[in-house]
Amino acid sequence: ARPAELARTRTTCGYCGVGCALDVLTRGEEVVAVVPAHDGPVNRGHACVKGRFAHGFRTSPERLTRPLLRRGGVLEPVTWAEALGHVARGIRSAVAAGGPDAVAAISSARATNEENYLLQKFLRTVVGTNNVDNCSRLCHAPSAAGLTAAFGLSGGTDSFDDVERADCLLVVGANPVEAHPVVGARLLQRVLRGARLVVADPRAIGLAHHADVHLRPRPGTNVALFHGLAHVLLAEGLADGEFLRRRATGLPELAALLTDYPPDRVAAITGVPAGDVVAAARLYGQAGRPAIVYGLGVTEHLHGTDGVRALANLAILRGAVGTGRGFGVNPLRGQNNVQGASDMGALPDLLPGYQRVTDRAARERAARLWRAEIPAEPGLRIPQMFAAARAGDLRVLWIVGEDVCATDPDTTRVAEALETCPLVVCNEVFLSETARRADVVLPAASWLEKDGTFVNFDRRFQRVRPALDPPGRARADFAIIHGVADALGAALGCPTPAAALAECAALVPLFAGISHERLDREGAVCWPAPHRDRPGEARLYRERFATPDGLAHLAACPYLPPGESPDDHYPLVMVTGRRWAHYNSGSMTRRTRNLRLDADDRLDLHPDDAARHGLLDGDPVIVESRHGRARLTARTSREVAPGQVFCAFHFPASGVNTLTSDLGDTVTSCPEYKVTAVRLRSA
Ligand code: SF4
């Protein structure tokens, strides 16, 4: 027989939020290579170790290939008809017993835009509830809230291409060299070509070694640090008075607040020397084209939304947003489609395109298009879903591609919620920590086997194309959602992903000019893209801000301490984050050769703390918090400050997220992953 021909499929990386365009070379059902696309709009011929090499999971013998149904406590293979029929009966009886709000769904960045759109439409129109949320609740929900309040739209203010022209980069709470390597390399290149660099991060991350100033605030003190920088901008006449008069509001209130944040007081709160606060503010304040790039070190706090607002204050004070005299405030999203999941309305209070469910006109527009009543009450957020399950109020929880028992905080309590909920349904690629606790497991396609679109961190729609068929009887989430609707006798419309995006575009002016056909022709389009024949807006707010009054809003939010602080019982502060070879719970990357690059979760700690605990490199160590216990391997590192420890969460068996608390951002409920008080002992 002739060997199968080599095929090339252009798609978008399914890992981080950079959204690298990749060419997947296949022969038959085998991936021969993944090659970064030279004409990729963000990556321009580059990709990292995840996008290039972490594809071996495709053929892992552990891939789920058949639906599973729990019978007598054991998950057994069944047909799709049996599995979907069981889910449909469960939804029907839950609604009969507890009303539509007894059903909820958690979506994720694993799902395409079209799948997110279809899932929220299913919940709202077939079930009749707004109980739908997505994994942005755990990462960038404070960005959505903070950027919307400051500027009017829930996305970064500028394209990454603009950021690359900046002459001063303020990189805050992000480690792009490991978590977003293609962006990390481009930022570094910019610095090597002369841009000034301020890094604000408790750890001495890779970029910090190239920084003009490295600010190392105590975890949980960001707001005070940003106010200290703003204080210096005002005190030294570095604010843009004309911009503030014409295009911003809130200056008197902020100026009054900032009198409480002189560098000396900020130094006392944050641990950052006052001279460094002044030096950093001068670099940012005197630059011609400053840009802010930030990550989860800003958002995953008890006051994460305040952190985003306080950071946005800096750009507003400098007139560095919407003017071309700087490149605004730009979040680095950790996951490929976490922006898109929210754009598509997989949120309990927002319809597609960030239209509020409480807004009658928005609801009526959706109701006309969908031919169904839309409930007016916002639904449950993810932590509220778990609480409702534990209380017996939630009877069906459908989880699409999110391993909540590995990545959510305080996983012991999450597992309790799943055990209490009468029907847990899981769309998954592997039998994850969550799937193994589900009642029905629906085998899902991976990003290499899907058709649709993703939106990356700079609001760029790009196509996702199937390079391969899903293995066995696995199906794309799009087909699974339709299958559940069919089993309930409901018609969802949108027979194809292209039709789903077309319907969303008809509903949401921000996306009105975007279609599969256009993306196939042009490669990528940034939203807002209200017209089919005009480019999308990579740089926002040239004319006016999208707030109701058209102005940028400064925020006078005082610094408030984190939810957890070290004490005599738990004397160290643990910060969690990502490492370069793995992605989130690692369910895909651990099943590839990337495992050889990084084989376990380690606990990084300062040599002084290691000596105090009698620990050497490679020693097993037990980490305990007020919430749980994890077992890790000690690694001494001067990257972490004394009194702090750092670990990733890529190996669920180590139990890192049993340690983290379910305290969350006071505005959005985003967990406080970045501040957990812990203690250590030898294993
Ligand atoms: Fe690009 Fe991120 Fe994928 Fe790496 S993980 S190839 S940086 S999109």
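**A friendly note on this predicted model**

1. Let's begin with the layout. The domain assignment divides the chain into domain 1 (6-59), domain 2 (68-136 + 337-526), domain 3 (141-332) and domain 4 (572-682); such bounds come from an automatic or database domain assignment.

2. A word on how to read the numbers. Residues are numbered from 1 along each chain as its sequence is written. The model is predicted, and local features need pLDDT of at least 70, side-chain atom pairs count only at pLDDT 80 or more, and totals for chains, interfaces and linings use all residues.

3. Now the overall form. For 683 residues, a compact globule would have a radius of gyration near 26 Å, and the chain has 24 Å, which agrees. That radius is taken over C-alpha atoms, and the globule rule is 2.2 Å times the number of residues to the power 0.38. The C-alpha trace spans about 70 × 65 × 60 Å along its principal axes. There are 24 helices and 28 strands in the chain; both are DSSP runs numbered from the N terminus, with helices being H or I of at least four residues and strands being E of at least two.

4. How much of the chain is buried? Of the 683 residues, 62% count as buried. A residue is buried if 20 or more other C-beta atoms lie within 10 Å of its own, exposed if 12 or fewer, and partly exposed in between, with C-beta atoms placed from the backbone.

5. Next, the ligand. The shell around the ligand has 14 residues, of which Cys13, Cys16, Cys20, Cys48 and Gly51 come nearest; a residue is near if its C-beta atom, placed from the backbone, lies within 6 Å. Domain 1 and domain 3 each give at least three residues to this shell, and helix 1 (49-53) and helix 7 (181-192) each supply at least two. By class, the shell has nine nonpolar, four polar and one charged residues. Here Ala, Val, Leu, Ile, Met, Phe, Trp, Tyr, Cys and Pro count as nonpolar, Asp, Glu, Lys and Arg as charged, and the others, Gly among them, as polar.

6. Domain 2 and domain 3 have centres 34 Å apart, taken over C-alpha atoms. Eight residues of domain 2 are in contact with nine residues of domain 3, where contact has C-beta atoms, placed from the backbone, within 7 Å.

7. Gly237, with a positive phi near 65°, follows helix 8.

8. Gly285 lies in helix 12 (residues 274-286). Leaving aside neighbours within four places in sequence, Gly285 is in contact with Leu233, Glu236, Leu238 and Arg318. Gly285 is buried, with 23 other C-beta atoms within 10 Å.

9. Finally, some backbone details. Most residues other than glycine have a negative phi, and most peptide bonds are trans. Arg459, not a glycine, has a positive phi of about 65°, and Arg459 is buried, with 26 other C-beta atoms within 10 Å. Cys494 also has a positive phi, about 50°, and lies in the loop between helix 20 (477-487) and helix 21 (497-507). A cis peptide bond joins Trp527 and Pro528, with omega about 5°.

Terms used: Two residues are in contact if their C-beta atoms, placed from the backbone, lie within 7 Å.
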